[in-house]
Structure formats: structure tokens, C-alpha cells
Amino acid sequence: MKRLIPVVSAMAVPVLALAACGADTETSGSDGGSASGVISADDCADPEAVTAEITGELKVGWTAATSGPLADAVGNVIEGMEARFAVENEAGGIGGVQLKVVVKDDAFNPERAKANVGELIQKEKVHVIDTFGSGQLDAIADDQNDQCVPVLFAQASVPAYRDIENFPWTTEYLPSADVEMKTVVEGLKKEYPDGAEVALAANQTESGKGYADGFKNAIEGTDFTIAAEEPLTDPRTAASALKATDAPILVDAGVTTDCLSLTQAVGRVGWKPKTFIQPSNCADGATLYAPAGDAADGQQILRWLKDPASDEFADDDAVTEYREQAKANGADSPDNSYTVNGWAIADLMIDNFKRAAESDEGLSRLSIMQAARTQDYQPPMFIDGITFQMSPTQSYGILAFKPYTWDAKAKSFEPAGEVIDISDEYDK
């Protein structure tokens, strides 16, 4: 079986501008108490609503593709979140405040997402928003930031939305595409010290373009060149065209729906790239790799979540507890990586909600956003050594990965190295 390319850290990202809306770096609140000064309600459309105490029920509104090809993955994420919220509600909620998920279908259409968020804010009166896709995030960001309704852990990876000056009320969950692709390229340098040609398959959504741009940025100044770039509009056509380049490396700058389809297309045209790199959003082995059979063998991925279906975590206490609680609270597919994803996002939210409730300001949209801007937390379902880190001036997020390869015979991801922690590369 091929091993994952050795990945090393050699990156630094520009320091983001200080947050707008009354940002102040002198008080970070990173000790879990008040985060006053990190962000304020001064520039919000309705400051009183932003600072009002949340009582009774805290609503998290999702605009997500509950129809169409992404529906299964999206459904599992939301299922995982609802199960985790149910556990917290049974334990008393956030100081007695119960957690609720409100979902609106956008069919992965940015304009529908924009309309949904308008309804979620104005009609449903949600306190927090989440979404899938960079295009969706772009569509909703202006209204959401103007109304100062936190978007927490958006399922997007485009670096632009980590700019606190322009998106002070927005955070992303997925690793920055620049960070992930820079990490991948640093590893490729070890496997191909003299450089090599790369075949790049790119989804034409904002998310796919973010990965593609991240890879292009990462190879600047190296001996790697892009032999060809093909859109993933038709995976079979893309696979045929990219095979013709005879490039040893194939990079999938895609979204979840591309992972299996590209692998199957590559197999059908009889191509076996020496190195096939999938994006970290292609996380579920049972649905995205196993159906492709031998064509998926040796594919490489960076991960941060524990895999409940893997022997690696068979004796992990957090995984055992997660599976028991998820099953008991309506999660039909607890071993699905997207269910784990939703559970972990809920854990991250709950950590913020609790710290906000314990702050001097009490539980409000403002205190939730202040807590989000100072978070340093490891959800139990994150791989040991990987945390979610934020600061008042930078939206770091996930800064560590563990490399894996897919073993087609065993139908599982196999560890291919230790956790790669790049957090020391950042100016905190």
C-alpha cells in the first residue's frame, strides 16, 4: 500500500487585521471568562438585540442543502449536531437554556441561502447561523454581519472569510484551503525533491476554486507545475484529459460530491496516478472510498476527527461515549464521518455558549461572538493533539492534521504518520 507523502510544516499566513466593530486586543478573555473588548455591538443594526440576554431557548439556524447530491452528507452533519444538543439539553442545557436546530434547505444554491438567512434572522429569530459552502457564506455574509448574528463554524475553507476586519461576525470550521494545500505541497517536496507535474481537477464552486487557488499559491516558487487543470463538471471528461498529461500527481480541488465520482472516473479510464490527493472534506470512507474499490487504494488525505469505524480508536473512551450517546439520541449513522463532524461542531458551539454564559455579560449574541473569537478547545472527537484555536485578531481554526491513506482491501483509513501541528508558525 502506498504511504502518505511525508508532510512537514513550513508556512506562515499574514496577520489578519484587527477586528472591526470596536475590536481591542488588550482583553482576549482566553481564560474562559469575559471576552469584553474583542468585539462590540456599536456598529450593529440593532445593538439592543445583540446584547439582549438569551433565555429559554437558543436557536441555531442552518441554511443547507437538504436536497440534491449533498443531502446525505448534510443530513448526517445536522443529525450529529442535534444528537449532541439533545445530550446537553438533557443535562440542563446552557444554564437552563435549551438548544434547538432550525434548518432551511438551500439546495446548495447561494441565492437561496441568502433568502433563507433573511428568514432565519427576521422570522425565526435565530441567535446563531451555520451554512455549507463558500458561495453560500459569501451570499449571506453582508446581511449576517450587518445584523451581527454570529456565523459559527461555517462549512467552508476559503481564506477570505477569515479576514476579521471584513467578516467580524463570521468563523469557519474547515481548515483554510491555503493552509491545507501549503501543507500538502510541503510534503510533495519531500516525495518529489526535483518537482513534478500536477494534474489539477477543480470544482467550479467557490469552495473548489478556493482549494485550486490554495494549491496554485502553494506551488509558487517551487519546481512543481500544473500540467493541466480541468473542471469537474464532467468527471469522466476531466479524468481523460488529465490522464493524457501523464502527470504523476493528481490533486482533487473538489467538494464532497466530487470525491467518489472522480475516483471512479479515473478508474474507468485506466489511470493510476502515483500520488492521488483528496481534500480533507472527502472524509467518509464507507461512502466516498469503499464503493470505488481498488481505484481508491492509496489515496491520501489529512484528517482531524477520530473515526469511530477505525480499529485505531476501538479503545478510545471518547469514541465509545460518543457512539453510545449518538445512538441514544437519534443518530442513525454514528460511524459516518459527517455525523461525527456535526457532533464536533456542536461541541465547539457548546463550549462557546458555556463560556459566554459564564461571562460578566451573560449569554447573548455578543458574548457568544466574543467567546468564539477567543476559543482554544479540543472537542473529544478531535484526534489527540488537535485543537480549534482562535484569537481576537486571527481566525486560526484547525492548525494540525494527521495524515492517512485509504486501504482498499481493509476498507479503512490507515495512519501514515503522526499529528502535524503547524500552530507554532502563527504569530499569536
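# Strand 14 and its partners

Phe401 stands opposite Ile420 in strand 16. Strand 16 (residues 420-421) runs antiparallel to strand 14 and is joined to it by two bridges; strands pair here if DSSP finds at least two bridges between them. Helices (H or I, at least four residues) and strands (E, at least two) are DSSP runs numbered from the N terminus. The model is predicted, so local features need pLDDT of at least 70 and side-chain atom pairs count only at pLDDT 80 or more, while totals for chains, interfaces and linings use all residues. Residues are numbered from 1 along each chain as its sequence is written, and side-chain values use heavy atoms, without hydrogens and water.

Strand 14 also pairs with strand 10, in the antiparallel sense and over four bridges. In that pairing, Gln300 stands opposite Thr405 in strand 14. Strand 15 (residues 412-415) is another antiparallel partner of strand 14, again over four bridges, with Trp406 opposite Phe413 in strand 15. Strands 14 and 15 form a hairpin with four residues between them, and Lys411 in the turn has a positive phi of about 55°.

# Burial of strand 14

How many of the eight residues of strand 14 are buried? Eight of the eight, in the run 400-407, are buried, so strand 14 is largely enclosed by the rest of the structure. Buried means under 20% relative accessible area (1.4 Å probe, protein chains only).

Both faces of the strand are covered. Ala400, Lys402, Tyr404 and Trp406 are buried on one side, and Phe401, Pro403, Thr405 and Asp407 are buried on the other.

# Aromatic rings

The model holds nine aromatic pairs. Rings of Phe, Tyr and Trp (its six-membered ring) pair if their centres lie within 6.5 Å; planes over 60 degrees apart count as edge-to-face, under 30 as stacked and the rest as tilted. Tyr173 and Trp304 are edge-to-face because their ring centres are 5.9 Å apart and their planes at 70°. Tyr173 lies in the loop between strand 5 (170-172) and helix 5 (177-191), and Trp304 in the loop between strand 10 and helix 10 (317-328), so the pair ties together parts that are 131 residues apart in sequence. Both Tyr173 and Trp304 are buried.

The rings of Tyr322 and Trp343 have centres 5.1 Å apart and planes at 80°, so this pair is edge-to-face. Tyr322 belongs to helix 10 and Trp343 to helix 11, so the pair ties together parts that are 21 residues apart in sequence. Both Tyr322 and Trp343 are buried. Ring pairs also link Tyr289, Trp406 and Phe413 into a cluster.

# Arg303 over two rings

Arg303 lies over the face of Phe413, at 4.6 Å from the ring centre. Arg303 also lies over the face of Tyr404, at 5.7 Å from the ring centre. A charge sits over a ring if NZ of Lys or CZ of Arg is within 6 Å of the ring centre and within 35 degrees of the ring normal.

# Cavities

There are four cavities of 30 Å³ or more. A cavity is a set of points on a 1 Å grid, over the protein atoms alone, where a 1.4 Å probe fits but cannot get out; lining residues have an atom within 4 Å of a point. Grid points are joined across faces, edges and corners, and a volume is the space filled by probe spheres set on the points. The largest cavity has about 390 Å³ of space.

Of the 26 residues that line the largest cavity, Gln155, Leu174, Thr256, Asn281 and Tyr338 are the closest to its centre. Helix 2 (71-90), helix 6 (206-219), strand 10 (300-303) and helix 11 (337-358) each supply at least two lining residues. The lining has 16 nonpolar residues, nine polar and one charged. Here Ala, Val, Leu, Ile, Met, Phe, Trp, Tyr, Cys and Pro count as nonpolar, Asp, Glu, Lys and Arg as charged, and the others, Gly among them, as polar.

Note on methods. On a 1 Å grid over the protein atoms alone, a cavity is a set of points where a 1.4 Å probe fits but cannot get out, and a pocket is an open set with protein on both sides within 12 Å along at least five of seven lines; lining residues have an atom within 4 Å of a point. Buried means under 20% relative accessible area, exposed over 50%, partly exposed in between (1.4 Å probe, protein chains only).
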